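Give the cut-offs behind each term.

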2 protein chains.
Amino acid sequence: MSQIAAIDGRPLGRRAQQTRRRLLDATYDLLQSHGIRDVRVVEVARQVGTSPATFYQYFRDVDEAVLVLADEAAADVEPIAHLLDEPWNGKGGLDAARALVDGYFRFWDDHRAVMRVRNLAADEGDDRFRDVRNRTLGQVTDRIARSVADNQRAGRVSPDITPYSAAAAMVSMLERMASYHFDLEPRGVTRADLVETTARILHHTVTGRKP
Amino acid sequence: MSQIAAIDGRPLGRRAQQTRRRLLDATYDLLQSHGIRDVRVVEVARQVGTSPATFYQYFRDVDEAVLVLADEAAADVEPIAHLLDEPWNGKGGLDAARALVDGYFRFWDDHRAVMRVRNLAADEGDDRFRDVRNRTLGQVTDRIARSVADNQRAGRVSPDITPYSAAAAMVSMLERMASYHFDLEPRGVTRADLVETTARILHHTVTGRKP
DNA sequence: CCGGGAATCTCACGACCCGTCAGATTATTC
DNA sequence: GAATAATCTGACGGGTCGTGAGATTCCCGG
């Protein structure tokens, strides 16, 4: 993955690594304040106190910088995904579902601007972004699919459901809710309600149980 | 809504309306082939065989043209939303859910590129796009919320669920699944599976029944 | 502590798109 | 078919893009 090297392949010394990191951070900042379409290489450079030409030493374009940020973000999903490693039996199951939903919301709160670009680019067919998305979401999707399959074998989940499809549906729900809960909240729903309800839907879809 | 007028407010004659329509269609086409970030006003104009200055007579920028397209697309959701007007009892309920999911997928297949921009812009805080999204999704969300509330009163849906949150979760699931099913299909899930599974999750969340 | 080679940064440039006029072209009216 | 209104466009200043050649900074051996 993001092997630390300049665009021409040369490995980076200490100074260069610092510059690259500052460029990444500036990209992140500008992404949050302006939308992706208004992030200018010139301004990223300006913010770092360097010149555009420097930017192009490390990244082919703005997207490539965002790709690195998306790749870094993927790591933050790991602890969330591990909430699915234990079966969701009994009372603890619903708690785990709540923690997962809440964790997912937090993850998006931290990486919202980057995730948006990742999803846009992936949806528009950019394979680099598809890969990083698959790698990120896969951590959750695969585990949900496995749990659904387990519960299906135990007769709790309908055999007419496809485990992987259900997992994709749940991740879709999570992603979109996490992405847009702050558009809902001003309209009279609290975050707590959103988390609780989403967690219950998730819990039931995965386990087939009523808590 | 999209009152047909030029940027300076003057109403449009026949020729002007044609030009505007051709510009909208060209915008739609370019949106599909290139991503939003590569849609150049120059090229929209070129495709219509006119000059950039003409484009700016009708739209302040590319976004505004896409906004009109998103507004037009909203109408196509109406028949889908009406599938929620009858309560989802018995066997017909699951069929209605299937039709809704399938309809939603088709809707996205027709308007994918426009919907992507709508969601991006809305997520990035653009109020015009938020409005059109709320107007579009609201048709479905409000009806789902009402159904959930009905079934909740009848004791089939847990009182710990907030109807509006559940509706938002279901619409989120639908949107994202519709938006990215074609990224899943190459990975070994058929569209039929996705529709069936999504429909069952939707059906259960709305009605609280096992079909 | 200093010179020299490697690493890193920047200046300056041609190409292109943006958005806006004033003026040219086309349609409509009488 | 002439006058008037509606519509379109040429041309321009201002900005970003991405690049290569050259300037600057770093760092090591002596």
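## Surface near DNA strand D

In this predicted model, H3(B) gives the most to the surface near DNA strand D, with four residues; helices are DSSP runs of H or I of at least four residues and strands are runs of E of at least two, numbered from the N terminus. A residue is near a strand or molecule if one of its heavy atoms lies within 4 Å of it, and 19 residues surround DNA strand D, the closest being Tyr56(A), Arg10(B), Thr19(B), Thr50(B) and Tyr58(B). Of the atoms of DNA strand D that come within 4 Å of the protein, sugar and phosphate account for 69%.

The surface near DNA strand D has nine nonpolar, six polar and four charged residues, where Ala, Val, Leu, Ile, Met, Phe, Trp, Tyr, Cys and Pro count as nonpolar, Asp, Glu, Lys and Arg as charged, and the others, Gly among them, as polar.

## Surface near DNA strand C

Around DNA strand C there are 20 residues, of which Arg10(A), Thr19(A), Thr50(A), Tyr58(A) and Tyr56(B) come nearest. H3(A) gives the most to this surface, with four residues, and the residues near DNA strand C divide into nine nonpolar, six polar and five charged.

An N or O atom in the side chain of Tyr56(B) is 2.4 Å from a phosphate oxygen of DNA strand C, whereas Val42(B) places a polar backbone atom 3.3 Å from a phosphate oxygen of DNA strand C.

## Packing of H6(A) with H7(A)

Helix H6 (residues 90-123) and helix H7 (residues 127-153) of chain A pack at an angle of about 140 degrees, with their axes 9 Å apart.

## Basis of the values

Residues are numbered from 1 along each chain as its sequence is written, while chains are lettered from A and ligands numbered from 1 in the order in which they are written. Local features need pLDDT of at least 70, side-chain atom pairs count only at pLDDT 80 or more, and totals for chains, interfaces and linings use all residues, while side-chain values use heavy atoms, with hydrogens and water left out.

Terms used:
Polar contact = N/O pair within 3.5 Å; in protein donor to acceptor, adjacent residues only side chain to side chain. Axes fitted to C-alpha atoms, helices over the stretch in contact; angles between N-to-C directions.
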